[in-house]
Amino acid sequence: MTGTIICYGDSNTYGYDSRSFFGGRYEEDKRWPEILNRETDLTVLNYGKNGRCIPYFLPEIEWVTNRLTQWKDEEAPVWLWIMLGTNDLLHNPSMNAQSVSERMERFLRKLLACDEITDGSVRLRLISPVHLKRGMWVETDELCRESEKMDDFYRKAAGRLGIDFTCAGDWDIPLLFDGVHFSEEGHRKFADCAKKECVLQNQDK
């Protein structure tokens, strides 16, 4: 199976390694998008960015919609995998699982109005983020519970919008001491689960 997967996410897509004193990045062969690129016939492009939240302001949304005109010209078929929401929950005390999901749905509706999506040049897959765990960056059980609730909210949003959905919260991904970021083992497991549950699903379509 050939084609292109655009991985649009936050630090867990970028491959942030919080063990580094100043915050570093895992080597290329340790990051889940690059593992998928190496171990499948697909071209997998890593568009992760540390600290990224769900696009909300117009310039953030336009950055993505403008990229669609480039991404549609990658080797077909082209999938856009979106895994965001963790930073919205972590850094905005006024937000919970429901409000994060509502923000995600508004963003996805903007994408669904783009020609590249409506004509099928680019297909969307929403991935609910891995659950937070108590750690240096996660100091309350409430944050953990809200991250778990996002699975159901995202699943329902994807159903309303008619797009593919994957629940990464079911994968039990190992995290580092901060309770947020994937360990090396976590990246390896995420890639294995994504191959099994996402790549094979795409192959059947």
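Colleague: Which residue forms a salt bridge with Glu 105?

Modeller: Please keep in mind that this is a predicted model. Side chains of opposite charge can pair when their charged atoms come close. For Glu 105 the closest N and O atoms of the pair are 2.6 Å apart, which is within the 4 Å needed for a salt bridge, and the partner is Arg 160.

Colleague: How many residues apart in sequence are the parts that this pair ties together?

Modeller: Glu 105 lies in helix H5, whereas Arg 160 lies in helix H7, which covers residues 141-161. The pair therefore ties together parts of the chain whose separation in sequence is 55 residues.

Colleague: Which residue forms a salt bridge with Asp 88?

Modeller: Asp 88 sits in helix H4 (residues 86-91), and its partner is 15 residues apart from it, in helix H5 (residues 97-112). Both residues of the pair are buried. The closest N and O atoms are 3.5 Å apart, and the partner is Arg 103.

Colleague: Which strand holds Asp 164, the residue that pairs with Arg 125?

Modeller: Arg 125 and Asp 164 form a salt bridge in which the closest N and O atoms are 3.7 Å apart, and both residues are buried. The pair links distant parts of the chain, 39 residues apart, with Arg 125 in strand E6 (residues 122-128) and Asp 164 in strand E7.

Colleague: How many salt bridges does the count come to?

Modeller: Some of the charged residues are joined in a network of salt bridges, namely Arg 38, Glu 39, Arg 188, Asp 192 and Lys 195. With a side-chain nitrogen of Lys or Arg required within 4 Å of a carboxyl oxygen of Asp or Glu, the count comes to 18.

Colleague: How many charged residues are in the lining of the largest pocket?

Modeller: The largest pocket has a volume of about 210 Å³, and its lining includes Tyr 8, Lys 49, Arg 52, Glu 60, Trp 63 and Arg 103. By class, the lining has seven nonpolar residues and no polar ones, while the number of charged residues is four.

Colleague: What is the volume of the largest cavity?

Modeller: Rolling a probe the size of a water molecule over the atoms shows where empty space is left. There are three cavities of 30 Å³ or more, and the lining of the largest cavity has seven nonpolar, four polar and one charged residues, among them Asp 10, His 131 and Phe 182. The volume of the largest cavity is about 70 Å³.

Colleague: What is the omega of the peptide bond from Ala 76 to Pro 77?

Modeller: Pro 77 lies in the loop between H3 and strand E5 (78-83). The bond that leads from Ala 76 to Pro 77 is cis, with omega near -5°.

Technical notes. Residues numbered from 1 in each chain as written. Predicted model: local features only at pLDDT ≥ 70, side-chain atom pairs only at ≥ 80, totals over all residues. Heavy atoms only, no water. 1 Å grid on protein atoms, 1.4 Å probe; cavity = no way out; pocket = protein on both sides within 12 Å on 5 of 7 lines; lining within 4 Å. Points joined across faces, edges and corners; volume = space filled by probe spheres on them. Nonpolar A, V, L, I, M, F, W, Y, C, P; charged D, E, K, R; others polar. Helix = DSSP H or I, 4+ residues; strand = E, 2+ residues; numbered from the N terminus. Buried < 20%, exposed > 50% of the residue type's maximum accessible area, 1.4 Å probe, protein only.
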